[in-house]
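Student: I'm new to this one and would like a close look at a single part. Could you walk me through it once we have it on screen?

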Amino acid sequence: MRQPLVMGNWKLNGTKASVEALVKALIEPAAKAEGVEVAVCPPVIFLGLVEKLAEGSRIQYGAQNADVHTSGAFTGENSPVMLKEFGCKYALVGHSERRTLHAETDAVVAAKYEAIQAADLVPVLCIGETLEQFEAGTTNQVVEEQLKAVIDRCGIASFAKAVVAYEPVWAIGTGKTATPEIAQAVHAHIRGYLAGFDADVAAKVQILYGGSVTGASAANLFGQPDIDGGLVGGASLKPDDFAQIIAGAKQ
Ligand SMILES: O=C(CO)COP(=O)(O)O
């Protein structure tokens, strides 16, 4: 019922040459992965290039961040409306690196989520606990709070046009993937929490796992009933690994 989605988050990586090589290398794996949605989130400066390269392919794309404003005196920002003009389908919001390095609070994340949807883009709402919170056993409360901030501002119905990405901070870029069992338990909790507001919306929303996903770990993770694909960092920069991850979602 839910279509798997595999999304690469390139973070602050790439050159014109590497972006060209990577997108070209992904066209065939994406074409073969019928039934799997494939997307990449390059640094915004490469969006125009990705738009050209991905034209006519099954590769969709998005931004890693967006401002809350549409236009104005906000030096250095990119608005969701501009991202839409460049053909983006998605925008990540609330990635842990934005929350930590750019002090994005739950309130800021909710405002950005709203602005992204207002521009007719699909927000990919990133949530997840730190190592300290994981060890303290508070994962479920942490993700509930992160979700609640968005529900309070935008309503549960907004999740009909959103994607959730569960990314435990301790698994991001560390090589420590959550086991399929740990990830599934949190995904089931997230879906159950959303179902408390609206069962139909909860049943349909795609919930991605992110954090050190590799070609080797993807299929087991994506085989879990509440894991609908992945948000992939490091491995999405390597065409062979990312192709294997895409294939892992086709099961
Ligand atoms: O942060 C991530 C994706 O948004 C995950 O990054 P890694 O796959 O490099 O751990």
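Student: What covers the buried residues of helix H8?

Tutor: First, a bit of housekeeping: this is a predicted model, in which local features need pLDDT of at least 70, side-chain atom pairs count only at pLDDT 80 or more, and totals for chains, interfaces and linings use all residues. Residues are numbered from 1 along each chain as its sequence is written.

Now to H8, which runs over residues 180-195. Helices (H or I, at least four residues) and strands (E, at least two) are DSSP runs, numbered from the N terminus. From first C-alpha to last, the 16 residues of H8 reach 22 Å, close to the 22 Å expected at 1.5 Å a residue; that expected span is 1.5 Å times one less than the number of residues.

Its buried residues are Ala183, Val186, His187, Ile190 and Leu194. They all sit on the same side of H8, because they cover an arc of only 100 degrees around the axis, going by the directions from the helix axis to the C-beta atoms. Buried means 20 or more other C-beta atoms within 10 Å of a residue's own, exposed means 12 or fewer, and partly exposed is in between, with C-beta atoms placed from the backbone.

And the cover you asked about? It includes helices H7 (139-154), H9 (199-204) and H10 (215-222), plus strands E6 (163-166) and E7 (206-210). Contact here means C-beta atoms, placed from the backbone, within 7 Å.

Glycine 173 is in the loop between E6 and H8, and it's partly exposed because it has 13 C-beta neighbours inside 10 Å. Serine 212, in the loop between E7 and H10, is buried, with 20 other C-beta atoms within 10 Å.

How values were computed
Two residues are in contact if their C-beta atoms, placed from the backbone, lie within 7 Å.
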